[in-house]
Amino acid sequence: MSLADVLAGIIFVALNAYTLLGGADFGGGVWDLFATGPRKQRQRDLVADAIGPVWEANHVWLILAVVLLFTCFPPAFARLGTLLHIPLSLVLIGIVLRGSAFTFWRYGGTEDKELRHWGVTFAIASLITPLLLGTTVGAIASGALGEGGSGKGEGFYSIYVGPWLNPFTLSVGVFALVAFAFLAAVYLTLEAEDRELRADFRARALGTGVALFGAAALALLLSARYAPRVRDGLIFAGWAVPLHAFTAVAAITALAALWRGAWRVARVVAAIQVSLILWGWGLSQYPYLLPPDVTIADAAAPAATLRLALGALALGAAVLLPSLAYLFRVFKNRPAARA
Amino acid sequence: MPDLLAARSQMGVSLAFHIVFAVVGIAMPVMMVVAERRWQVTGHAIYLDLARRWARGTAILFAVGAVSGTVLSFELGLLWPGFMRFAGSIIGMPFSLEGFAFFTEAIFLGVYLYGWDRISARAHLGAGVAVALSGAASGIFVVIANAWMNAPTGFQLVDGRAVNVDPVAAMASPAAFPQALHMTLAAYAATGFAVAGIHAFFLLKDPANAFHRRALEIALMVGAPAAVLQPISGDMAARHIARHQPLKLAAAEALFRTESGAPLSLGGWPDVARRETRFALEIPRGLSLLAFHDPNARVQGLDAAPQDEWPNVPAVHLSFQLMVALGTYMALVAVWAGWLAWRHTDLAHHRWLMRAVALGTPMGFIAVEAGWTVTELGRQPWVIYGVLKTRDAVTPMPGLVVPFLTFTLLYCFLGIIVCWLLYRQILRSPEVPEWPT
């Protein structure tokens, strides 16, 4: 395993953390949008209280992944920026609106009804951004963005739109959205302080947990036509069977834990389940960064840069990890109420 | 609108928008922490009120800064893939370090904002200090990356490609120290003066109001020393560009002809077609003296390079003049306030000083924008000075006017909302007639 592989792995770890933490914050916004029933307002307050202290820190995982990508794999970053200009710009608009609307809503300072407009903006941006993020992942996985990728055609549409806008990439978008909503609902069962509110999110977690199977099946089905390499990896590689077995065990355990009210177990297992799916994607396209032909080694920066980046990561982690642990200990370590 | 211009405009709008929030994110936490510390020491509730209000303001501004900063990190690739392909491995390092500093800032801001009742007073103050330090660090790292674009080091150019890349040497670019110092001081001066100005405005009407008096003290404590030091760091920065980017200095000073004992032009309109600056007040040998500390030094003019390598001379010259004028005003007001405080004059009752401070409210931010205009426009047509032209770095995607307009509208909208929210917050200042003893 080369130094470049290690750094690509670390970037993937940052993306994994972003999915589990930042993704769940987007999922919280989705549950704000779909708040229903007699406890509508309390559902929204729970979401806001849960993400308030942590969403900015969770968001930085994405920034970290981006800066590491352009430091360690500059040509890949340049290609992504060029070919995914449109969906990434839309993702950015979503990120800007989500973050600022949330803050205006929570810190606007008055209890006016007008503040609810910000709540709605926050919720809608939380719904659309994961969809678009998912389509960019789908575009990479489908092999449209490599040098010889299908994004090489003629004309504006086939270069700048086609690669990320097709049934497969959309199915990945839907999958990302459902996964984020699932994670959020699972985490919120633990954060809810009374039985009824917890039951609301339990129902949501179970529903999205089942929907996640459907979304995964749809994406796999469509990958046969749009992303054959990823599909082949996911089916035929030596690691494929154990990975799927573990994922299935995690998925079923998560649902069972939710069913039985073992909230802490459900949180851990749901996070493992989503991470395994993510790593399945990563492994299926290894050693390619941008399939079909740009490998990790092709896109890697000079060794001097990679070594230094690794050093900076070690130094940064020494500051970051204890700080993060502190943040979550202060805000997320409430004693769990009984089911 | 040509695509290159649209891309440059979008980057310019994004930077101009973000810089305001970045600057506040560096300096506001310092004021917040000073207020909290004073509350802990004195027990006066006014200080706690101030710390909480400034924390609310910081929360709004930091969030907008965080998301607009995210936009910039992506825009490097969305708009300038050619630049990133060339430079990513060389200057990615300061961006990565900035990522960590920003991460730390976000974590401890979360702890600070939501942790009032959850952690000890000491830990809470410590979190505020961590926010202030990591905020300053992330600003410095980003400026180091920008400094490299002005004075690129740490690689060799072979057939248009960078080889022998040394990211540490790239961070030690000769522009790094003067630029980082100038920007960090600017952040404290601009934010300190903006906050002091708002409270001075209220004090003109109600000079005995203890809330505004305490706020003014803390804001001036942060802003005034930085404003006094700023001309010194400006001198360092100017002498740096005189040696490393002579064309930028020539444009800033509207010096068309290379001369020894060059005069300093104050004001004036550079007429590029006639290659002369009209209506300027000229101080003989002033420029040579300032740029090289030698009245007879030879200063390179714009004529040293073909005209297609000139930056936009009127824009750079006027921005530079504006920055210097506003910075000078702020430094003078800061010295005046310091003198009065040293003489134990009651600043809040000194109407002329309060008028001068209130007038200075927007000046620091205008100066910051003007200063970045000089730095960025003054480097054109290069994105990496002397190495890569901006037009060779832009994305091949057509129709860039669409994202430019979209992001401009988004930022106008957000800017209006933020102003409105802060305005409402400020209007609800408490009525505190006198200092409880």
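**Two chains, read against their definitions**

Trainee: Why are α1(B) and α12(B) said to be oblique to each other?

Mentor: The axes of α1 (residues 3-42) and α12 (residues 363-379) of chain B come within 10 Å and cross at roughly 135°, where axes are lines fitted to C-alpha atoms over the stretch in contact and angles run from 0 to 180 degrees between N-to-C directions. Angles under 35 degrees count as roughly parallel, over 145 as roughly antiparallel, 65 to 115 as roughly perpendicular and the rest as oblique, so α1(B) and α12(B) are oblique. This is a predicted model, in which local features need pLDDT of at least 70 and side-chain atom pairs count only at pLDDT 80 or more, while totals for chains, interfaces and linings use all residues. Residues are numbered from 1 along each chain as its sequence is written, and chains are lettered from A in the order in which they are written.

Trainee: Which residues make the contact between α1(B) and α12(B), and what is the handedness of the crossing?

Mentor: The crossing is right-handed. From α1(B) come B:Leu15, B:Ala16, B:Ile19, B:Val20 and B:Val23, and from α12(B) come B:Phe365, B:Val368, B:Glu369 and B:Trp372, with contact taken as C-beta atoms, placed from the backbone, within 7 Å. By class, this contact has eight nonpolar, no polar and one charged residues.

Trainee: What makes chain B as compact as a globular protein of its length?

Mentor: Chain B, with 13 helices and 10 strands, has a radius of gyration of 23 Å, close to the 22 Å that the globule rule gives for 437 residues, so chain B is as compact as a globular protein of that length. The radius is taken over C-alpha atoms, and the rule is 2.2 Å times the number of residues to the power 0.38. Along the principal axes, the C-alpha atoms of chain B fill a box of roughly 70 × 45 × 40 Å.

Trainee: How does chain A compare with the globule rule?

Mentor: Chain A has 14 helices and two strands, and its radius of gyration of 20 Å is close to the 20 Å given for 339 residues, so chain A is likewise as compact as a globular protein of that length.

Trainee: How many residues of each chain are in contact with the other, and which helix of chain A supplies the largest share?

Mentor: In chain A, 52 residues are in contact with 55 residues of chain B. The largest share of the side of chain A that touches chain B, 13 residues, comes from α14(A), and the residues of that side divide into 36 nonpolar, 15 polar and one charged.

Key
Contact = placed C-beta atoms within 7 Å. Helix = DSSP H or I, 4+ residues; strand = E, 2+ residues; numbered from the N terminus. Nonpolar A, V, L, I, M, F, W, Y, C, P; charged D, E, K, R; others polar. Left-handed = near helix turned anticlockwise from the far one by under 90°.
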